Amino acid sequence: MSESTKPHPQGKGEKTHVGDSSYVGIDAILEQMRRKAMKQGFEFNIMVVGQSGLGKSTLVNTLFKSKVSRKSVQPNPEERIPKTIEIKSISHDIEEKGVRMKLTVIDTPGFGDQINNENCWQPIMKFINDQYEVYLQEEININRKKRIPDSRVHCCIYFIPPTGHCLRPLDVEFMRRLSKVVNIVPVIAKADTLTLEERDYFKQTIREELRANGIDVYPQKEFDEDAEDRMINDKIREMIPFAVVGSDQEYQVNGKRILGRKTKWGTIEVENIAHCEFAYLRDLLIRTHMQNIKDITGSIHYETYRVRRLNESNIHFSRVSVLCQSKKYFPYTQDIKF
Amino acid sequence: MIERPETAVPSIAQRNLEGYVGFANLPNQVYRKSVKRGFEFTLMVVGESGLGKSTLINSLFLTDLYSKDYPGPSQRIKKTVQVEQSKVLIKEGGVQLTLTIVDTPGFGDAVDNSNCWQPVINYIDSKCEDFLNAESRVNRRSMPDNRVHCCLYFIAPSGHGLKPLDIEFMKRLHDKVNVIPLIAKADTLTPEECQLFKKQIMKEIQEHKIKIYEFPDTEDDEDNKLIRKIKEKMPLAVVGSNVVIEVNGKKVRGRQYPWGVAEVENGEHCDFTVLRNMLIRTHMQDLKDVTNNVHYENYRSKKLAAVTCNGVDTTKTKGQLTKSPLAQMEEERREHVMKMKKMEAEMEQVFEMKVKEKKQKLKDSEAELERRHEQMKRNLEAQYKELEEKRRVFEDEKANWEAQQRILEQQKLDASKTMEKNKKKGKIF
């Protein structure tokens, strides 16, 4: 293998066939894409959803304070995290090895506070659909921008309270509705409540209940493209839901400053995989499956929404004519509802 | 001689004894009697599922109320709120305690939780009503006390404050039963978070004027100091566990985590010991007294006021309380007579039924016998006929044979006759 004289640097094990007459150079497109992506940067939107008091806002802070970006967030350490009352978006531009990423985390207020919690999922569903709507409007515009800003929610982290027994009816309802419009990743919140045996038992129970209720969480089985994907995703499916602990306070342990929670009987380290699975979650979301999540959002969830919306608007205009026709051919049937 | 002072209000003069009378033994007598009688205590636990109620009960009383073969309400999520009661008799040091645990599975679990406190209120009221009726009877030898003495309310450790459901429930129950709020699964909270949370809860409790159980002040200074310390720690943050783990060579009950062991009985880790001491060791009798004197009296006066106000009680009561004892006795006698009559009627019915059955049985056996008799007779006749037939055949044969014999004899005679004739003829020639 001879040294390349081409101007671009060597990629990961690229073969160069200088002087090889059968080499066309199609694989160079990977390098071109890479350069373009580095220039453009990536966007990723995560939403955290769950009952009040489960540590969503804390986890958001942990995500940013952890290896994703330590420098950008400097909150006042004395300030307690107050109760979230409206949907808040926090965006950060992060750069790593020349790759730029705009990570947006959308923090939602806790639901399930009231005595009667019917329809508490409405505000969240509305928000997600609104983001799709914005994108759709931009897409069907006549003069549309070259790169449509993507504010669609790519991934939704659902917080399950650590009861240790089974899913509550409210959680089941909520997840069922959300899994139809967005990728859901369920996590067990405040996992420092559960011992390791309780944690395993709880995970098993949750997985069974999700299966029994037909709730498809990410990674969805039906979108596995080939055997390799399936293998990787199966491993992840074994670990779902992740048991996470969030903290934005730093403590000194063994000479290192790490994020954790200090109690009288020990310190829980957030990034220690023996203590909790926060590192797995972060890696899944950002390191390995980010592109896949974005693809599924774009090609499946968004398309479903788009089809529905466009059909609605079509029917809205031609509804009168259809009704007249139907009355002619089916004079005794009821008014057809769309 | 000490002169009786002439006052309008007779005051109790204090005298000093000159010798040993012996009524210092009274507490011992009370003690012995109560020990013989045994104690009753009813504890109610309320809270969302998964907050560790069953585990805490098991830890408090060091028994497995809900064991693997009798799974408690935690293993199943209910669609509606139920009120379940389980009785257990525990003995310790010769003292026996009938402990009734009232659990409320399904509380706060549904999507729509309006009126989920109603079954609980109904239960408490019904127990008070039972006691009221038992108290008003003429014959009240046995008065079981099933009233709820204490209600432990479990607050989820969200770290923010009370939920509307918590506030609503406590407001409705604080004048029916002693409410003690607890922070469940307190090992979720760091000490600072715990402090903040407790302060927040107490603030909200005062805001909404919820009357939780107040510890009575005693004359003893030492006790008062302890009580004040307990009051500062309200609501108590508890952790429950019945699993024994070894820590530094000592066996303690606790929860094992990868980062350490949260000990249940360690005062620095949680307030479990405070709760246990308060509930069982020092204030159990006080809880019962408050239930009897305050909550029950409230219920009773409300109930009786309703009756006398309206003249007619809208809810049916077994004994009308406005009648005189004689009328009450009449009523009871009538009840008793009616009961007797009913029993008599029932017994007669049963008797008649039995007689009918027996008759039926006898008839059946008679018919059976008849049938068998007929059968045997038929059998016999058949056999007889057979025999007749055989005899006839035999007779026929005999007749035939005899006829044959006669013919043969005749032939022989003829033959001998002809032979003689021949002989005679032969001789003549």
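Helices (H or I, at least four residues) and strands (E, at least two) are DSSP runs, numbered from the N terminus. By that assignment, Glu228(A) lies in helix α6 of chain A, residues 227–239. This is a predicted model, in which local features need pLDDT of at least 70 and side-chain atom pairs count only at pLDDT 80 or more, while totals for chains, interfaces and linings use all residues. Residues are numbered from 1 along each chain as its sequence is written, chains are lettered from A and ligands numbered from 1 in the order written, and side-chain values use heavy atoms, with hydrogens and water left out.

**Chain B: the sheet**

- Six strands of chain B form an open sheet in the order β2-β3-β1-β4-β5-β6, with mixed pairing.
- β2 (84–92) and β6 (236–237) of chain B stand at the edges with a single partner strand each, so one side of each has no neighbour in the sheet.
- Two strands count as paired if DSSP finds at least two bridges between them.
- β2(B) and β3(B) (residues 95–103) run antiparallel and are joined by nine bridges.
- Within β3(B), Ile101(B) is the bridge partner of Ser86(B).

**Chain B: strand β4**

- Strand β4(B) covers residues 150–155; six of its six residues are buried, so the strand is largely enclosed by the rest of the structure.
- Buried means under 20% relative accessible area, exposed over 50%, and partly exposed in between (1.4 Å probe, protein chains only).
- In a regular strand, side chains alternate between the two faces of the sheet.
- Both faces of β4(B) are covered: one side carries Cys150(B), Leu152(B) and Phe154(B), the other Cys151(B), Tyr153(B) and Ile155(B).
- β4(B) pairs in the parallel sense with β1(B) (residues 39–46) over four bridges.
- β4(B) also runs parallel to β5(B) (residues 179–183), joined by five bridges.
- Cys151(B) stands opposite Met44(B), and its bridge partner in β5(B) is Val179(B).

**Chain A: charged surface**

- Glu225(A), Asp226(A), Glu228(A) and Asp295(A) form a negative surface patch.
- Patch residues have over 30% relative accessible area and no salt bridge, and like charges are joined within 9 Å.
- A salt bridge is a side-chain nitrogen of Lys or Arg within 4 Å of a carboxyl oxygen of Asp or Glu.
- Glu228(A) is exposed, at a relative accessible area of 55%.

**Chain A: a buried strand residue**

- Ala243(A) is found in strand β6 of chain A, residues 242–243.
- Ala243(A) is buried, with 0% relative accessible area.
- Arg199(A) is 44 residues away along the chain, yet its C-alpha atom is separated from that of Ala243(A) by 7.7 Å.

Conventions: Patches are made of residues with over 30% relative accessible area and no salt bridge: like charges are joined within 9 Å, nonpolar side chains (Val, Leu, Ile, Met, Phe, Trp, Tyr) within 5 Å. Accessible areas come from the Shrake-Rupley method with a 1.4 Å probe; for residues, only the protein chains shown count as cover. Lys and Arg count as positive and Asp and Glu as negative; His and the chain ends are not counted. The place of a charge is taken as NZ of Lys, CZ of Arg, CG of Asp or CD of Glu.
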